[in-house]
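Please have the model open beside the text.

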Amino acid sequence: MALKPLADRIVIKVIEDTEQTSGGIFIPDSAKEKPQKGEVVAVGEGKTNEKGEKEPLEVKVGDVVLYAKYAGTEVKIDGVEYKILSIKDALAVIE
């Protein structure tokens, strides 16, 4: 990956929900909600605190996170959709 997030930012690979309901109905793109789930693919070094030390982030590469609906900056590399988020926009880790 060519993206290296800075400070307290993370890069996630967006996980799209399936386009078909469990009953077999296909959902058109216009009716889909924005995805809010993604896999962490890169993590910044953390924010520098008042003592000059880096504060480690609570997520690591490989974690699947839920994030705020309209958060982050979308980037497309080689046809794959990524988002660059501030760690404060990551709401939870899915275990």
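## Basis of the model

The model is predicted, so to speak, with rules attached: local features need pLDDT of at least 70, side-chain atom pairs count only at pLDDT 80 or more, and totals for chains, interfaces and linings use all residues. Residues are numbered from 1 along each chain as its sequence is written, and side-chain values use heavy atoms, leaving out hydrogens and water.

## The sheet

Six strands make up an open sheet with antiparallel pairing, in the order β6-β7-β1-β2-β5-β8. Strands here are DSSP runs of E with at least two residues, numbered from the N terminus, and two of them pair if DSSP finds at least two bridges between them. At the edges sit β6 and β8 (90-94), each of which pairs on one side only. On average, neighbouring strands of this sheet are turned by 40° against each other, with direction ignored; the axes behind this angle are lines fitted to C-alpha atoms, and angles in general run from 0 to 180 degrees between N-to-C directions.

As you follow the order, keep in mind that side chains in a regular strand alternate between the two faces of the sheet.

## Strand pairs

Start with β6 and β7, which are antiparallel and share five bridges. Lysine 76 stands opposite glutamate 81 of β7. The β6 and β7 strands form a hairpin, with two residues between them.

On to β1 and β7: these strands also run antiparallel, joined by five bridges. Here arginine 9 faces serine 86 in β7 as its opposite residue. Further along the sheet, β2 (residues 37-43) pairs with β5 (residues 64-67) through three bridges, again in the antiparallel sense. Glycine 38 has valine 65 in β5 as its bridge partner.

Aspartate 78 belongs to the loop between β6 (73-77) and β7 (80-86). With a relative accessibility of 77%, aspartate 78 counts as exposed, the term for over 50% relative accessible area with a 1.4 Å probe and protein chains only; partly exposed lies between that and buried, which is under 20%.

Alanine 7 is another non-glycine residue with a positive phi, near 50°. You will find alanine 7 in the segment before β1 (9-14). Its relative accessible area is 33%, so alanine 7 is partly exposed.

Terms used: Helices (H or I, at least four residues) and strands (E, at least two) are DSSP runs, numbered from the N terminus.
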